[in-house]
Amino acid sequence: MRPVRVRDVMTDMVVAVREQAGYREIVDALVWYGVSAVPVIDADDRVVGVVSETDVVPKMVFDGDDPRARLFGRGRRRTANHDASGDTAAELMSSPAVTIGPDASIVEAARLMEAESIKRLPVVGDEGRLAGIVSRRDLLRGCLMPDAVTAGDEPRRRPDVADRSSRYIFEAGL
């Protein structure tokens with residue numbers, strides 16, 4: 001039995017933005033495609049960073065503040081104000097991007113995500129070019145793949161309502 005690899009669970013149709021993409025284009029991509037972050041790629045499709053909702057929300061909150069206030073702000077507000085001054089993906093992104101190769105195991109990907117406190121990893125192939133993206137949910141899905149079943153495990157299946165002690169399949173807060 002071979003370990004489940006990142007290439008087995010990654011999304012290969014990735015929403016990405018170029019370094020020169022403007023704030024509005026980034027927000028449009030996040031909202032339109034329902035993603036919480038996008039890789040930033042250069043002219044050669046190499047991943048140079050990641051822009052997440054966390055990177056763009058401060059601009060919405062602090063946009064229009066007096067620029068002098070940014071110099072004298074304290075703590076978290078000062079950092080957020082500084083982030084808010086960016087107008088392009090290159091200025092707003094977290095860089096360098098934490099990436100992983102497609103042949104890494106899902107266990108390696110999970111360890112890297114945990115160590116870096118991130119929710120998704122751009123997957124890079126030859127010469128650092130974007131090949132896909134893998135999220136925590138993708139890694140969980142990998143645990144359900146037949147190759148991930150170890151000796152002694154029962155085959156996994158989706159729980160039915162009858163399998164639950166609750167009358168709800170899912171309810172937030174339970």
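Two strands pair if DSSP finds at least two bridges between them. Helices (H or I, at least four residues) and strands (E, at least two) are DSSP runs, numbered from the N terminus. The model is predicted: local features need pLDDT of at least 70, side-chain atom pairs count only at pLDDT 80 or more, and totals for chains, interfaces and linings use all residues. Residues are numbered from 1 along each chain as its sequence is written, and side-chain values use heavy atoms, leaving out hydrogens and water.

**Strands E2 and E3**

- Strand E2 (residues 37-41) and E3 run antiparallel and are joined by five bridges.
- Within this pair, proline 39 stands opposite valine 50 in E3.
- The two strands form a hairpin with five residues between them, and aspartate 45 in the turn has a positive phi of about 65 degrees.
- Of the six residues of strand E3 (residues 47-52), five are buried (under 20% relative accessible area, with a 1.4 Å probe and protein chains only).

**Helices H7 and H8**

- The axes of helix H7 (residues 106-116) and helix H8 (residues 136-143) cross at roughly 145 degrees and come within 10 Å; axes are lines fitted to C-alpha atoms over the stretch in contact, with angles from 0 to 180 degrees between N-to-C directions.
- Ile106, Ala109, Ala110 and Met113 of H7 make the contact with Arg136, Leu139, Gly142 and Cys143 of H8 (contact means heavy atoms within 4.5 Å).

**Methionine 145**

- Methionine 145 lies in the segment after H8.
- Because its relative accessibility is 26%, methionine 145 counts as partly exposed (between 20% and 50%).
- Not counting residues up to four places away in sequence, methionine 145 touches Val4, Asp8 and Val9.
- The C-alpha atoms of methionine 145 and valine 4 are separated by 7.8 Å, although the residues are 141 apart along the chain.
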